[in-house]
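Subject: Structure handover

Hello,

Here is the structure I promised you. Please open it and keep it in view while you read my notes below.

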Amino acid sequence: MQQTLVIFKPSAIGRGLTGRVLSRFEQKGLVIAGMKMMLLDEKILREHYAHLVSKPFFHEILDSMTASPVIVMVLRGVDAIEVVRLMTGSTNGRNALPGTIRGDFAMSNQENIIHASSSPEDAEVEINRFFKPGEIFDYSRADRGFVYGPSEI
Ligand code: ADP
């Protein structure tokens, strides 16, 4: 099983999309292993978006990601990192395929509803950035036997 980090950005919270987006992950069969609401600050955002700190639009990312609390979440499942990235869609909501979260809910490159870890290495670092070990729970959903075949888990 893999774990991946998802952030429901202020664009999801402010547009009242939290429940609808969370439903997609639940109906897919992913396990919510951890979930909490928090306010992000510049320090954690400079770490999280270190690859974008030198971009001219970085201050817009800071403003956008601190506009309201966010919900951070750890989702667990077989190949969860790739599955959640596929469900998320490409960065710019205008290019993201219909059926993806950004494709269905976003018209923006910046205000694109959620963050999702992009690789196993990133997922591990990002989960540790936002969660303490005691905040992630190891349990199975009751429908596990219908979500996966026996050789998949
Ligand atoms: P992704 O979130 O798809 O992994 P990136 O890591 O490239 O994409 O970018 C992180 C976030 O920074 C994006 O989700 C988006 O909110 C913001 N961002 C990226 N590029 C731009 C841009 N050109 N203008 C404004 N915001 C951007």
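Strands β2 and β3 run antiparallel and are joined by 7 bridges. Within this pair, Val31 stands opposite Arg76 of β3. Strands here are DSSP runs of E with at least two residues, helices are runs of H or I with at least four residues, and both are numbered from the N terminus. Two strands count as paired if DSSP finds at least two bridges between them.

Before you go on, note that this is a predicted model: local features need pLDDT of at least 70, side-chain atom pairs count only at pLDDT 80 or more, and totals for chains, interfaces and linings use all residues. Residues are numbered from 1 along each chain as its sequence is written, and side-chain values use heavy atoms, with hydrogens and water left out.

**The sheet**

In what order do the 4 strands of the open sheet stand? The order is β2-β3-β1-β4, and the pairing is antiparallel. β2 (31-38) and β4 are at the edges with a single partner strand each, so one side of each has no neighbour in the sheet. Neighbouring strands are turned by 20° against each other on average, direction ignored. Axes are lines fitted to C-alpha atoms, for helices over the stretch in contact, and angles run from 0 to 180 degrees between N-to-C directions.

Helix α5 (residues 80-88) packs on this sheet. The helix touches β1, β3 and β4, and its direction makes about 30° with that of β1. Contact means heavy atoms within 4.5 Å.

Now look at β1. It is joined to β3 (residues 70-77) by 7 antiparallel bridges. Ile7 stands opposite Val72 there. β1 also pairs with β4, again antiparallel, over 3 bridges. In that pair, Val6 stands opposite Ala116. Why is β1 (residues 2-8) described as largely enclosed by the rest of the structure? Because 5 of its 7 residues are buried. Buried means under 20% relative accessible area, exposed means over 50%, and partly exposed lies in between (1.4 Å probe, protein chains only).

**The cores**

In soluble globular proteins, nonpolar side chains tend to be buried together. A nonpolar core is a set of buried Ala, Val, Leu, Ile, Met, Phe, Trp, Tyr and Cys residues joined through side-chain atoms within 4.5 Å. The largest one here has 21 residues. Val6, Phe8, Val21, Phe25 and Ile113 touch the most other members. β1, α2 (18-28), β3, α5, α6 (101-105) and β4 each supply at least two residues. A second, separate core has 18 residues, including Leu5, Leu52, Val74 and Phe131.

Take Phe8 as an example. Leaving aside neighbours within four places in sequence, its contacts include Ile13, Val21, Phe25, Met73 and Ile113.

**Residues to click on**

- His115 is in strand β4 (residues 114-116). His115 counts as buried because its relative accessibility is 10%. Its side chain makes a polar contact of 2.9 Å with that of Glu126.
- A polar contact is a pair of N or O atoms within 3.5 Å; within protein, one must be able to donate a hydrogen and the other to accept it, and residues adjacent in sequence count only if both atoms are side-chain atoms.
- Arg76 is in β3. Is Arg76 buried or exposed? Arg76 counts as buried, because its relative accessibility is 10%. Its side chain reaches the backbone oxygen of Phe137 at 2.9 Å.
- Ile113 lies in the loop between α6 and β4. Its phi is near 75°, a positive value in a residue other than glycine. Ile113 counts as buried, at 0% relative accessibility.
- Asp79 lies in the loop between β3 and α5. Its phi is also positive, near 55°. Asp79 is partly exposed, with a relative accessible area of 45%.

**The ligand**

Which residues surround the ligand? Among them are Lys9, Tyr49, His51, Phe57, Arg85, Arg102 and Gln110. A residue is near a molecule if one of its heavy atoms lies within 4 Å of it. An oxygen atom of the ligand is 2.8 Å from an N or O atom in the side chain of His51. For the side chain of Arg102, the distance from a ligand oxygen to an N or O atom is 2.9 Å. A polar backbone atom of Gln110 is 2.9 Å from an oxygen atom of the ligand.

Best wishes
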